[in-house]
Amino acid sequence: MDPAIAVVPMGLGHLRQVLDLGHQVFDTTTKPYTSWSLTAVAEHLDSADNACWVALDSDRVVGFVLGSMEFEHRDDWGYLEWIAVAPDMQGHGIARRLVNVCSEALFARGARHIVTDVEDRNSASAALMTSSGFVPAATVTLLVRANPDEPTDAAEPTLPPITKRDLVRRGRLSVDHPRR
């Protein structure tokens, strides 16, 4: 854990760097129901949950976590939805600090449980979440049916089975998944 890295509540002044870091780190092609956008960040900033945090190295955002008290129709379950750490800062305990501070904030807001989802090939995030007290609860396989009226491209990759939460409120992304 690098004590020079400050973890502070996310504010409007962090928005551009959080958005840019998400675009750098998240692979939005992994899950087709996933999107990373200004709207995704702004929805979290606009909530009163106090579950959005940034890790700062001086004035540079080197990590962030976005959580909320909105998981499906449960008002007593929190959702740790987005987490990212800059590639050059990974391995310094920043992600763990972000998970812990977000979880503490969600429990303080009344969460009885906190849910997160991790793409099944993202072993680093799965290990982080497991060692942070999360346990597997549901596995869902994404099935895709091609339009028979559309030409097929033999080079088009098929989608692998993926792990996600049991009910998708709307498009989400796996945590801490680097671009390949």
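**View 1. Strand S4 (77-85) and helix H3 (94-108) are among the elements that cover the buried residues of helix H4.** Contact means heavy atoms within 4.5 Å. Buried means under 20% relative accessible area, exposed over 50%, partly exposed in between (1.4 Å probe, protein chains only). Helices (H or I, at least four residues) and strands (E, at least two) are DSSP runs, numbered from the N terminus. This is a predicted model: local features need pLDDT of at least 70, side-chain atom pairs count only at pLDDT 80 or more, and totals for chains, interfaces and linings use all residues. Residues are numbered from 1 along each chain as its sequence is written, and side-chain values use heavy atoms, without hydrogens and water.

**View 2. Helix H4 (residues 123-131) buries Ser125, Leu128 and Met129.** Down the H4 axis these buried residues fall within an arc of 95°, so they line one face of the helix. The arc is taken from the directions from the helix axis to the C-beta atoms. Ser123 and Thr130 are exposed on the other side of H4. Glycine 133 follows H4 with a positive phi, near 100°.

**View 3. The buried residues of H3 pack against S1 (5-9), S2 (52-57), S3, S4, S5 (113-115) and H4.** Among these buried residues are Leu98, Val99, Cys102 and Leu106. After H3 comes glycine 110, with a positive phi of about 110°.

**View 4. Serine 68 sits in strand S3 (residues 60-68).** At 4% relative accessibility, serine 68 is buried. Its side chain reaches the backbone nitrogen of glutamate 70 at 3.3 Å. Leaving out residues up to four places away in sequence, serine 68 touches His44, Asp49, Ala51, Gly78, Tyr79 and Leu106.

Notes:
Polar contact = N/O pair within 3.5 Å; in protein donor to acceptor, adjacent residues only side chain to side chain.
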